[in-house]
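Colleague: Could you take a close look at one chain of this model and walk me through how it is put together, in one connected account and with the cut-offs stated?

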Amino acid sequence: MTLQASALTVRRSGRLLLDAVDVTLAAGSLTVVLGPNGAGKSTLLHVLAGLERPDAGSVWLGNQPLLSIAALERARRLAVMTQDQPLDFAFNVEEVVLLGAYPLGLGRAEERAHCHHGLQRLELQALAPRNYLSLSGGEQQRVQLARVLAQCGEETAVLLLDEPVSAMDLRHQHLCLRQLRILADAGAAVLVILHDLALAARYADRVLLLKQGQVLAQGAMLDTMTPSCLSTLFDVRVEVALVEGVPRFSSSLADDTVLS
Amino acid sequence: MSARRLGLLLWLLLLPVVLTSLWVGPVSLSSDALLQPGSRDWLILFELRLPRLVMSLAAGAILAITGASIQALFRNSLADPGLIGISAGAALAAVAVLVFGGAWLLGPFGPVLVPLAAFAGGLLVTALVLHIARTPRGVSVTTMLLAGIALNSIAAAAIGVMKYFSDELSLRQVTFWLLGNLHSTDWSSALLLLVIGGPVLLLLLREGQQLNLLLLGESQARLLGVVTSRLRRRLVLLVALGVGTVVSLGGLIGFIGLVVPHLVRLLCGPDNRALLPLSALLGALLLTLADILARLLVSPAELPIGIVTALIGGPFFLFMILYRQRGRA
């Protein structure tokens, strides 16, 4: 099942946040969205998730308009991780992850097994009994990701994640993105907003470059993550070297004078 | 402590508290007189103390469970029907009816007129605070509490103004009632509370899991399949109905809605599926205890129960604020 959005336009207090953006998330693909701060990445994700109504354009999940699908049904097909997670009550880690399985409507034992599996995949077993509020930022983020992954069942077709690994250490960044890659390979359509070019190149098969609310380029990873596109996108000098088919990036300010 | 254990413990504690509440009072009852229907002691027990016990149990349970619900709704453990002005709004509307109701109060709909007004007042204030404090990014705690302060003072001032228009009798009624008391409870008010409060309690008990999801954040709850707008409307209605009825019958009884859920959370975590029933139970227990204290402390006179709950709850609230500031990291 694909998530398809056409001509998305969002205006907020006079500013154009998204300007006629077209996105198609095909089953089995992992799309990474790259762009500078304020480019409209989160707004795009919110609209694709059905959290915000676009001023123009539409979002379709399969052959239905997204907003016409009942909330619980939508939650079974579409799992989303937003950037802010305002949980401020002392649940333990396992309880938080269990909440994610709510839309699946599993029995108690099934639900536990399902979440236990999820905790294991993100190396969270040791934290399971810990108070969520006592965790570090990166750990909390990993728990929230585990919660979103716990929402994924047989019907889940689309995952949308807004900077899901921004606070994590290197190992867990890879661990988490590998899980997303596995879900994509199993047939889900996955969209991830990232800032790390190396991670994007390692796990994405498609890339969407967003700047000032407009799509600068989108397509296969190697076709879009080119020096010229990335340089224009971020207003920095980006160099790309292919090492065994995998791009390596280095970047500097365009007017950089190297300190010796 | 596990929720099951705490529940068991509370049920066990309830029995002695219930018996004490029936036994303790300005008149000491003799056990054999109780076996004679119509005797003085029999009347005191069944016409005064029993309805009063029913009232304190039901009012405590309702205040505690509405407190827990409103805390989930605002996603903040400092929210309380008293602090954010719901009780004051209910009281204002109730006083207005008491003072200006006149002949209406003596009519056939008299007994439900005051609760109805209190419900409307509570509903209005809850909706208003929610509207003021809700931003696209969630509920602002500061705004919520500030709005509560403003609404509380407005209500207090308006009640003050209305006192000028009231005659001696209703003035005394209003003053005494505002401090919160279960002194004048008879069977008709106890039953009215049961009839309205019972369904409120049962309906709120069903919302545990949805409230848990709401704690993750409004967007998160929506993404997990909760129709948050409808949930919010249900909660506001039920809370206003519960608080309004208690206020109209028992006056302003503060802090139960704040302290009780907090204690339960400290003992067995924030899961609303356990928190709601346990809060109701502990609320019933504590308010009945407070009522016993109200009768004992200055016996044979009687303290308004609102004063007792404020004397215990106020310092506890300060402690909570301190704990939040220091303890949480």
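Modeller: Taking chain B as the part to examine, among contacts between residues at least 6 apart in sequence, 79% join residues at least 24 apart, where two residues are in contact if their C-beta atoms, placed from the backbone, lie within 7 Å. This is a predicted model, in which local features need pLDDT of at least 70 and side-chain atom pairs count only at pLDDT 80 or more, whereas totals for chains, interfaces and linings use all residues. Residues are numbered from 1 along each chain as its sequence is written, while chains are lettered from A and ligands numbered from 1 in the order in which they are written.

Chain B holds 14 helices and two strands, these being DSSP runs numbered from the N terminus (helices H or I with at least four residues, strands E with at least two). The radius of gyration of chain B, taken over C-alpha atoms, is 20 Å, close to the 20 Å that the globule rule (2.2 Å times the number of residues to the power 0.38) gives for 329 residues, so the chain is as compact as a globular protein of that length. Along its principal axes, the C-alpha trace of chain B spans about 65 × 50 × 35 Å. Of the 329 residues in chain B, 49% count as buried, which requires 20 or more other C-beta atoms within 10 Å of the residue's own.

Leaving aside residues up to four places away in sequence, B:Ala91 touches B:Ala155, B:Ile159, B:Leu178, B:Val247 and B:Leu252.

Turning to the partner chain, 20 residues of chain B are in contact with 21 residues of chain A. On the side of chain B that touches chain A, the elements giving two or more residues are helix H9 (208-215) and helix H10 (218-223) of chain B. By class, that side of chain B has eight nonpolar, eight polar and four charged residues, with Ala, Val, Leu, Ile, Met, Phe, Trp, Tyr, Cys and Pro counted as nonpolar, Asp, Glu, Lys and Arg as charged, and the others, Gly among them, as polar.

Notes: A residue is buried if 20 or more other C-beta atoms lie within 10 Å of its own, exposed if 12 or fewer, and partly exposed in between; C-beta atoms are placed from the backbone.
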